[in-house]
Amino acid sequence: QEEDSGGGEYLFKIVLIGDSAVGKSNLLSRFACNEFDSNSKATIGVEFQTQVVEIDGKEVKAQIWDTAGQERFRAVTSAYYRGAVGALIVYDITRRSSFESVKRWLDELTIHCDTTVARMLVGNKCDLENIRDVSKEEGKTLAEEEGLFFMETSALDSTNVEAAFEVVIRQIYNNVS
Ligand code: GDP
Ligand code: MG
């Protein structure tokens, strides 16, 4: 469901989930501020960033939530998921364990969100082809099995970052309009 944020425009809450250090915070800062940070210090402060996108001539506000690093303790709270209509489930293509965690993150989503939540599987760090540990084919296959959209991205060189968010935002828009 969409929320009316006062001006009659659309406001969509989208959550970023996935193991620690897969690049969630950098995907968000790349999308919202066109910034990348090579230091892996934990996210402090900001709960979400709002980005305005135009779809079919309509102003859509994407409110994108980032964990404050609490995924390290497997303690992402239900408040984090509350009201979310979209999710990016992120893994790191150079770290197989983060890919193997995807199913657990999908279970979390199922517990906390409506089944209509728009879901995108994101294989991040595709700039690191030389140390790739999960093939693109494996990502695609998992996405097909689970009924997710799929893209490989790089927050470092910007590959597909806008595209990944925009596919989710458009899907949410299609669900509600
Ligand atoms: P989070 O814990 O999921 O929020 O991950 P961060 O965004 O903090 O990123 C963890 C580490 O991976 C940092 O050192 C980032 O600089 C690095 N990183 C994030 N995205 C990319 C990427 O697309 N490519 C490369 N090479 N490194 C990345
Ligand atoms: Mg983070």
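Student: Which residues does Phe31 touch, not counting residues up to four places away in sequence?

Tutor: This is a predicted model, in which local features need pLDDT of at least 70, side-chain atom pairs count only at pLDDT 80 or more, and totals for chains, interfaces and linings use all residues. Residues are numbered from 1 along each chain as its sequence is written, while chains are lettered from A and ligands numbered from 1 in the order in which they are written. Two residues are in contact if their C-beta atoms, placed from the backbone, lie within 7 Å. By that rule, and leaving aside residues up to four places away in sequence, Phe31 touches Gln51, Val161, Glu162 and Phe165.

Student: Does Phe31 count as buried or exposed?

Tutor: Phe31 belongs to helix 1 (residues 24-33); helices (H or I, at least four residues) and strands (E, at least two) are DSSP runs numbered from the N terminus. A residue is buried if 20 or more other C-beta atoms lie within 10 Å of its own, exposed if 12 or fewer, and partly exposed in between, with C-beta atoms placed from the backbone. Because Phe31 has 23 C-beta neighbours inside 10 Å, it counts as buried.

Student: How far apart in space are Phe31 and Ala164, C-alpha to C-alpha?

Tutor: In sequence, Phe31 and Ala164 are 133 residues apart. In space, their C-alpha to C-alpha distance is 9.6 Å.

Student: What share of the contacts in the chain with a separation of 6 or more comes from residues 24 or more positions apart?

Tutor: The chain has six helices and seven strands, in the order β-β-α-β-β-α-β-α-α-β-α-β-α from the N terminus on. Among contacts with a separation of 6 or more, the share from residues 24 or more positions apart is 71%.

Student: How many of the residues of strand 5 are buried?

Tutor: In a regular strand the side chains alternate between the two faces of the sheet. In strand 5 (residues 86-92), one side holds Gly86, Leu88, Val90 and Asp92 and the other holds Ala87, Ile89 and Tyr91, and both faces are covered. The number of buried residues is therefore, under the cut-off of 20 or more C-beta atoms within 10 Å, seven of seven.

Student: Which residue of strand 6 stands opposite Asp92?

Tutor: Two strands pair if DSSP finds at least two bridges between them. Strand 2 (residues 10-17) and strand 5 pair in the parallel sense over four bridges, with Val15 opposite Ala87. Strand 5 also runs parallel to strand 6 (residues 118-124), joined by seven bridges. There, the residue opposite Asp92 is Asn124.

Student: Within what arc do the buried residues of helix 4 fall, seen down its axis?

Tutor: Val102, Trp105 and Glu108 are buried in helix 4 (residues 102-112). They line one face of the helix, because the arc, that of the directions from the helix axis to the C-beta atoms, is 115°.

Student: Which residues are exposed on the other side of helix 4?

Tutor: The buried residues of helix 4 are covered by elements including strand 2, strand 5, helix 3 (96-100), strand 6 and helix 5 (136-146). On the other side, the exposed residues are Arg104, Asp107, Thr110 and Ile111.

Student: Which exposed residues lie on the face of helix 5 turned away from its buried side?

Tutor: Gly139, Leu142 and Ala143 are buried in helix 5. They cover an arc of only 100° around the axis, so they lie on the same side of the helix. Their cover includes helix 4, strand 6 and strand 7 (149-152). The face turned away carries the exposed residues Glu137, Thr141, Glu144 and Glu145.
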